Each structure stands twice: as structure tokens, then as C-alpha cells.
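Please look over the sequence and the 3D structure shown here before reading on. The paragraphs after it go through selected local features.

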Amino acid sequence: MALSHLGKKGIETSFKRGLVLPRVPASTERHISSTFSKSTSGSVAFSFARYINGFGFSSPNHESFPTFTSISRCFHVSRETLARRKEDPDRQLSHRELKKQTVKTKGKFSKREKKTDKPPVEAPYVPPRLQRLAKGLAEKTVDVFEGMTLLEFSKRTGESLAVLQSILLNVGETVSSEFDAISIDVAELLAMEIGINVRRQHTTEGSQILPRPPVVTVMGHVDHGKTSLLDALRNTSVAAREAGGITQHVGAFVVGMPDSGTSITFLDTPGHAAFSEMRARGAAVTDIVVLVVAADDGVMPQTLEAIAHARSANVPIVVAINKCDKPGANPERVKNQLAAEGIELEDIGGNVQVVEVSAMKSTGLDKLEEALLLEAVDMDLKARVEGPAQAYVVEARLDKGRGPLATIIVKAGTLVSGHHVVIGSQWGRLRAIRDMAGKQTDRATPAMPVEIEGLKGLPMAGDDVIVVESEERAKMLSEGRKRKYERDRLLKAEEARVAEAEKKEAESEEGFVRVELPIIVKSDVQGTAQAVADALRTLNSPQVFVNIVHSGVGAVSHSDLERAQACGACIVAFNVKGGGSGNLSAAQASVKVFHHRVIYHLLEDIGNLIVEKAPGVSELEVAGEAEVLSIFKVLGKRRSEEDGVSIAGCKVMDGRVCRSGMMRLLRSGEVLFEGSCASLKREKQDVEQVGKGNECGLVMGEWNDFRVGDVIQCMEAVIRKPKFVSSESGAVRIEC
């Protein structure tokens, strides 16, 4: 055999070199094993027969075995040699070692570093900067009507049919196809679920259209005689019963005209600057605006605001110049002022009628009636009488015996007692309908103001009244609207919170402090509560933030006192009765309660409270002035002028000079130095201050270059509080 020519030494040398051995037959393997077993050499300590397959070796002297250049495994004759080969950095790696090295470098299978017991590095905590919420897109509003198909609703809203059908299943409604008609209430439910606003459209096809009385809103400046004019028209004395002689509520009345026999619905709005929202609501529901201007006062700020509300509502204006019987009346001046504001009067070729009246002497009322009826005829006012009613909430209040009450004006249709209605987020079944004289009636027709009762909660002034077919539908609509209102309220609150936090952060960086004044508002009616809350928010200032914690209707309750005590708020009770037990509880809880019936006094008291609570701004103020009359030099230890101190002999010309104040040196009106006072003496005695007309010796910090005629001002830090300012028009503000 070829292996017999290979001696033991040659084989050992070949294996030492790490040659690659090819696979050999089993007989050759047994022969090699027997050959090595006879060897007495201790250098080979393992069996070569077990590893011989898969390897080959070659000898330079013998060419019996094929030679391979690739090396897959190294065999060593001793453990010391093996250790040396592993430590050699220049050695060629085997296939298995290359594979292991490749696996170690992969990120997925890389070994994690062992955790040490070292504590984490302490770094100062940097709070994240508050980011303003991204303003979402403007909410989409679509028109819905009775009998529209699901496909039409899907096209208008842009929502898929599958989503709309799943929502219908959740609310208990089923449709067989997209061409089925859905009711207007179901359409609103779908819109609320997908976050879209709706505008209800009612058709007049097949309904009886009849003429209706006009709705007239009386607007103007405070104390110009609006309520007195209405009293003269209906022979009543409402103005005498108003607190302070001014109107602070929205009132609705039906006045029968004696000459023509027709009736006109009047809305009386307050004229004070705080009730701007009430005037806007009155202009939104009206057909004609009567602009009352006092002949002796002329056009005032609320007069201009009333004109703006009428123009935004796109309703015609009839000007009534009141108080023409007074000695200082000048109607021509009023007409010129109105013309300057863009009111096109009939006297100058326009289309706005002007009537001169006197509420005290009841003169010119027939001409005002004629002007209103003529305007109504030109407008051709008609409304649908049959079908479900559409109404508008003018005012809402809470009665102890009857519960929530709402004053509404019917715009179209007929409202019948027993109907289920949804007003804003509240619902109820109408128990009773009363006219403005307090008489109970079973129905209300268009342009008729009535008071309804039977609601489960108090609605907001300005809400629309809709009639639904069942109690279940009313509950479903009410719950959906409540969820939407709460979602919108939270979004607005979050935006306000982020804005306030950013403002506080900016103020804290500037070293400015702003205090919060929480207030709880209680009033007799809902509209007045909103107006009072809005008026109080206008008193916000850079130093005090007015936070309306809660606004409600009714007397001050124990829950209001507990809420005020928890958040440190004061309570504003406007036009509500205060009981003895409530006042005692408020005194025990240390809660301030402001009871008022006139808006002037309320705003004045809260303004003074804001001024008292404001931290004020620290400013430097000139406390006194002194003139340098002579200069004294005091030499130091070195007996040199550089080491000495200059003393200014001064005379206080104005105010006082204090040692603790900041000194300012002026020469020819120019400020040369500002610093502290190192010494102040009078007649060789150290003093804290020197008054006007007295002489003193003064040493300033690091200043020695005094000259005769220099002026030294003493500056003192003072805390300047804001001021409460009230104008003649009734507008109030806080000046800092």
C-alpha cells in the first residue's frame, strides 16, 4: 500500500503542518489506527482514526495522496503548541472561527454589556416646553332636512356608507339600503358622531303660509329711554320696577296697536356696556331694530354698537329720537351724528325712517307705530303655521316651584303643550305654556313670545328649540349634544390652559408675578349670568387674572360655598335673594359674597377687589433733590488726594434725601452716576434722612468728582398699584 512507504516521523510531521486530508476508505482508516497504536511516542495523545475522514495530507516526497490548498482544521502535537497558535494574531482562521466571528458582529445577536453597579449620572431635570395645541380645521357644517337619503348625507359629509351604517346600528336605527330616507333627528345624530355641525332646513311645501306679526327689538344706549318708550306703548311701568332704573334683562312683550288693531312683538334689551351679548341675541332673532337715541345726549358708544349688531344681522333700522320734550333736546344734531356714522336717513334721501317721540308725554307714538307697520309691509313677513315648531330661547331662569323656565319666541310652526322638545343639550316634555301676561295657553303660533316649563335642565340663552317625535329620541339627541358640548368645552379649556401656562412662563422669565382671582357667578336668569361673567372677564389685567370658576342660576347654595372655599373664590350674587342662613354659612366658611342688583355697583366692587389683590409693580420714584453747595476733601492714610474721600455739602431743595435710597448725580441735566449712599450726616451726626430746606453732608459710593451746582436725586422704590377706571358710557377697565 502507499501508506507503507510513509514512516512514522513523516506522518507526525505532516500532521504538525496542519495539512488537509481527503476522505479515505475504511480499510485505510483501520490500518492507520493500528500503525499509530504500535507507536511508543507520547507526543500524539489522541486517535487519528476518528478524525482521518474528511481530511487529507500530502508529503513533498510522496505523491500518493492528493494535495488541497484550503485548510479547514489544524492538528497539533501538543497542548502548548495549540495555545501558541491560538494566541498568534497573524494566523489564518478556520471556517468555524470565521463563522463565530461573523455571528458576533451582527447587531441582532450582539451580546449586551454587563450592567455595572455604578449609579446613573445625575443631570438636572429640564421640563419640556409646553407646546400650543395645533388648531384643528374649522368644523364643517352641512344642511340637513327631513327625508334626505343616507347616500345624500354621505356625499355632504364625506363619510363612507359603511361607517354611517355602523353608527345607525349603534343608535338603534336600521336602513336596508343607502337610498332609504332618514329623519332630520337621525341625521343630526350621525353628524354629531362623526364630528360635523348641522343646520336644520325645514321645507314649506304643502304647508300653509300666513302673515305673521313683526318682531321688533328696541336697542340703544343706557338711560336713553328704551323701556320707558315700551311702557308708553303698552301703558305699563316696567322701568320703575328695574333695579337702578336701568334694564338688566331681555324682555319680550306683545303690544296691541290701538290705531291699526294689529299686534307687534317687542324685545327690550339692556343698554349697559356689559350686556353686549344680550343685544347681539336680540338682533339675531328680530325683524326690525328700533334704535332709540336721546335728543339731549346724542350718539353714544352703545348706540354705535347697536348699529353694528343690526348691520351684522342684516335687519332694517327705524330711528326713534326720544326725550324731545326736554329743554336741551336737539334732534337735528342727532340726525347729523347718525348720518356721519353711515345711517342713510330719509331726510337726506335714504331709506331709514326717523321718528321724534317723547316717552314721558306719549307724543309721536302713533308715528312710530305707522313706521313699524310700513316697514313690516315692505318686508312681507310670513311664516309656516302647521307642522313642528321652530323657536329661539330669549331668556332662561330657575323657579323654585316650577323648575327650569325658558322664554322663547316661535319662528315657524305651532308649539303645542305635551310636545317633546330638545333645547340645546336639555330636553323635556312641555307641561305648560304661558303667555307673557302669565295666562296659560295650549299652543303658541309664530312671532308669539311664551314661557315654557317641563324641561329637565336649564338651557342657555340663544339655543334653538326643536320638536321631536318621542321621548327616546329626545334623550338620544340630548345625550349626543352633551357629549359634543363637553368635548368642545374641554378643548377650549385645554387651549386656554396652555395659553395661560405660556404666559406665566414668559412672565416668570421676566420676573413678573400675576395673581389669580377665582369668582363664582350666580344670577336670576341664564342670560344675565352669562353677561355678568363676560363683563367680569373684561377686568383682566397684566397683574390679576379673573377666572370664572362657575356660572349658574339661582340663589347661593351650600354647594357654591363649598366650591368657593375649596378654590379660594369669592361669590358674585347678582339680582338674587340672600338668606340669613346663607350669609351665616358664608361668614363661617370665610367666603366673600357680593350681593348686587345694579351692574354699575357690581363692577365697581370687583374692580376695587382686583386693585387690592394686585401685587403692583415696583418702580423707582424721585423722593427728593439736593444741590451741591460746597465740596470737602478728606485725605486718607497716605495723605494723598487719590486715597481721600470727597464729601458733598448739599442743601435739600425738594422732598427728602434718605440714606437707604438710590442716589443719582446729574450735571447739566445729564446723569453721570448712579449708586448707593455711603454716608449721610447732618451737624456731624449720622442720620437716616434729611428733609426739605436742611443742609447735609453726603458721600456717594465710588464717586468723588463733585462740582458745585450738581444735583443729587434720591430715588426710592415704590409699589404702584393698578387703577379702576369707569367711563361715562359704562365701560370699565383696569389700568396698570
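This is a predicted model: local features need pLDDT of at least 70, side-chain atom pairs count only at pLDDT 80 or more; totals for chains, interfaces and linings use all residues.

Residues are numbered from 1 along each chain as its sequence is written, and side-chain values use heavy atoms, with hydrogens and water left out.

Start with strand 8, residues 317-322. Strands here are DSSP runs of E with at least two residues, helices are runs of H or I with at least four, and both are numbered from the N terminus. Six of the six residues in strand 8 are buried, where buried means under 20% relative accessible area, exposed means over 50% and partly exposed lies in between (1.4 Å probe, protein chains only). In a regular strand the side chains alternate between the two faces of the sheet. Ile317, Val319 and Ile321 lie on one side of strand 8 and Val318, Ala320 and Asn322 on the other, and all are buried, leaving both faces covered.

Strand 8 has parallel partners in strand 7 (residues 288-294), through six bridges, and in strand 9 (residues 353-356), through four. Two strands count as paired if DSSP finds at least two bridges between them. Ile317 is the bridge partner of Val289. The chain passes from strand 7 through helix 10 (residues 301-313) to strand 8 in a right-handed β-α-β crossover; right-handed means that, with the strands pointing away from the viewer, the path from the first strand over the helix to the second runs clockwise. On the strand 9 side, Val319 has Val354 as its bridge partner. The crossover from strand 8 to strand 9, through helix 11 (residues 331-340), is also β-α-β and right-handed.

Which aromatic pair does a search of the whole structure find? One pair is found: the ring centres of Phe673 and Trp703 are 5.6 Å apart and their planes are at 25°, so the pair is stacked. Rings of Phe, Tyr and Trp (its six-membered ring) pair if their centres lie within 6.5 Å; planes under 30 degrees apart count as stacked, over 60 as edge-to-face and the rest as tilted. Phe673 lies in strand 28 (residues 670-682) and Trp703 in the loop between strand 31 (695-700) and strand 32 (711-720), so the pair ties together parts 30 residues apart in sequence. Both Phe673 and Trp703 are buried.

Finally, Asn575 has a positive phi of about 60° although it is not a glycine, and so does Ser668. Asn575, in the loop between strand 22 (570-574) and helix 16 (580-588), is buried at 19% relative accessible area. Ser668, in the loop between strand 27 (662-667) and strand 28, is exposed at 81%.
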